Amino acid sequence: MLQGKKIVLGITGSIAAYKSCLIIRQLIKKGAEVQVVITPAGKEFITPITLSALTSKPVISEFFSQRDGTWHSHVDLGLWADAMLIAPATASTIGKMANGVADNMLITTYLSMKAPVFIAPAMDLDMYAHPSTQQNLKTLQSYGNHIIEPGTGFLASKLEGKGRMEEPENIVAVLEKFFSQQESMKGKKILITAGPTYEKIDPVRFIGNYSSGKMGFALANECAQRGAQVELVCGPVSSSMQVHHPNIHRIDVESAQEMYEACKERYPSMDSAILCAAVADYAPETRADQKIKRTGDDLVIRLKPNPDIAASLGQIKKEGQTLVGFALETNDEESNAQAKLKKKNFDFIVLNSLKDKGAGFQTDTNKITIITAEGKKDYPLKSKVEVAKDIVDELSALIPKP
Ligand code: PMT
């Protein structure tokens, strides 16, 4: 999977820099070409001579080569690479990457990078656990970068054992898995719903819910990274929720009715749909044209049922198409999810419960159970990015291969 792949390896000033040699050795053994870009602090921990001997390439550290003044083009490196790996990545480099502080060759290369970027943090636990570092990692992840850490519970509530750089063989395994999956959904068309819906009461008020769109956006990114074309129909989410992958086409809607129309139009030409949005089941029967004034009397708003998007897609689902739903429950979780699986004609349903800490609305983590007609699989608490991988793995197994 790594045969012929071009990897830019960024090395920063951490004691774990010596492990970069092991990463290089394994990458080269598996047929990859490696170009090292090192920060000034990185050179305090490992010499460029060692690195260039291992990679058979001069190590890039400055904007100009000191020997002959040759200009090192970070833009060319960004176009050359199939992937960029920053291992070890210090808190300082992570902070600069998250904020675009382009004061060395590694950061300028990162900012010009067209290929996927993998980051293996290395620092002590206090630095790792600091809210600044956590925020910077979240920011980098929201830009579509991959964070490689020991274990799979990135940004989970437990921080023990975190901060230490992941072992070289596991880092290389992550790259191998990425390249093996990169094309696995090529040519497939996936419809994804995300976020809440708002049902207008008057020009200034609405009925809504707490969905942030994070789970749905993570699913869209995961499918896009595996080569699928994604139609992401999303309700009103915050402006910080942005898509960065060229395979994702975003359609913004506000109400359940608008989401229903966008989905019904698109689903017939899709291979699959994942319905992650928290759709309002009811909307005000009438919408006031003017702001409703306070009178002191009780106010009664009569609600009418919204279309059930999932159930109507379940009805028109054709042979070869798949439909995946979510169930957000507060009680009798499994039996409620089982009922929705059948009623809405889902191939499988992803159950998350508000009883589980760190699961459901707005959090960066989720804890899910995947339920099919045949059985169920429980997963531990993980970042929504990791949860999306588990869901898309399950979906990929159902999509007919060409
Ligand atoms: O957005 P986040 O903050 O990251 O939170 C993620 C999430 C909690 C919203 C997500 O993980 C989730 O559980 N989404 C589904 C929430 C929900 O509305 O569940 P439900 O049990 O009410 O609906 C069951 C299924 O039918 C869902 O797939 C839903 O999208 C769909 N549905 C529901 C009502 C409706 N009128 N039309 C629908 O399509």
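In which helix is the place of Leu-341? Leu-341 is found in helix H12, in a model that is predicted rather than determined by experiment, where local features need pLDDT of at least 70, side-chain atom pairs count only at pLDDT 80 or more, and totals for chains, interfaces and linings use all residues. Residues are numbered from 1 along each chain as its sequence is written, and side-chain values use heavy atoms, with hydrogens and water left out.

Helices (H or I, at least four residues) and strands (E, at least two) are DSSP runs numbered from the N terminus. With a relative accessibility of 6%, Leu-341 counts as buried, a term that stands for under 20% relative accessible area, whereas exposed means over 50% and partly exposed lies in between (1.4 Å probe, protein chains only). When neighbours within four places in sequence are set aside, Leu-341 is in contact with Phe-346, Asp-347, Phe-348, Ile-349, Ile-371, Thr-372 and Ala-373, contact being defined as heavy atoms within 4.5 Å. Glu-183 is 158 residues away from Leu-341 along the chain, and the C-alpha atoms of the two are separated by 29 Å.

Asp-332 belongs to the loop between strand E14 (322–329) and helix H12 (333–343), and its phi is near 40°, a positive value in a residue other than glycine. Asn-345, in the loop between H12 and strand E15 (348–353), likewise has a positive phi, near 60°, although the residue is not glycine. The relative accessible area of Asn-345 is 34%, and the residue is therefore partly exposed. As background, most residues other than glycine have a negative phi, and most peptide bonds are trans.

In strand E6 (residues 189–194), 5 of the 6 residues are buried, so the strand is largely enclosed by the rest of the structure. E6 runs parallel to strand E9 (residues 229–234), to which 6 bridges join it, and Ala-194 stands opposite Cys-234 of E9. E6 also runs parallel to strand E11 (residues 272–275), here with 4 bridges, and Ile-192 stands opposite Ile-274 of E11.

Helix H10 (residues 256–266) has Ala-256, Met-259, Tyr-260, Ala-262, Cys-263 and Arg-266 among its buried residues. The buried residues of H10 pack against E6 and E9, and also against strand E7 (199–202), strand E10 (248–252) and helix H11 (309–316).

**Two helix pairs**

The table sets out two packed pairs of helices; axes are lines fitted to C-alpha atoms, for helices over the stretch in contact, and angles run from 0 to 180 degrees between N-to-C directions.

| Helix pair | Axis distance | Crossing angle |
|---|---|---|
| H1 (residues 19–29) and H8 (residues 168–182) | within 9 Å | roughly 45° |
| H4 (residues 91–99) and H7 (residues 131–142) | 9 Å | about 50° |

H4 is therefore oblique to H7, and H1 and H8 are likewise oblique to each other, on a scale in which angles under 35 degrees count as roughly parallel, over 145 as roughly antiparallel, 65 to 115 as roughly perpendicular and the rest as oblique. H1 passes H8 in a right-handed crossing, whereas the crossing of H4 with H7 is left-handed; a crossing is left-handed if the near helix is turned anticlockwise from the far one by less than a right angle, and right-handed if clockwise.

On the H4 side, the contact with H7 is made by Ala-91, Ile-94, Gly-95, Met-97, Ala-98 and Asn-99, and on the H7 side by Thr-133, Asn-136, Leu-137, Thr-139 and Leu-140. By class, this contact of H4 with H7 has 6 nonpolar, 5 polar and no charged residues, with Ala, Val, Leu, Ile, Met, Phe, Trp, Tyr, Cys and Pro counted as nonpolar, Asp, Glu, Lys and Arg as charged, and the others, Gly among them, as polar.

Technical notes: Pairing = 2+ DSSP bridges.
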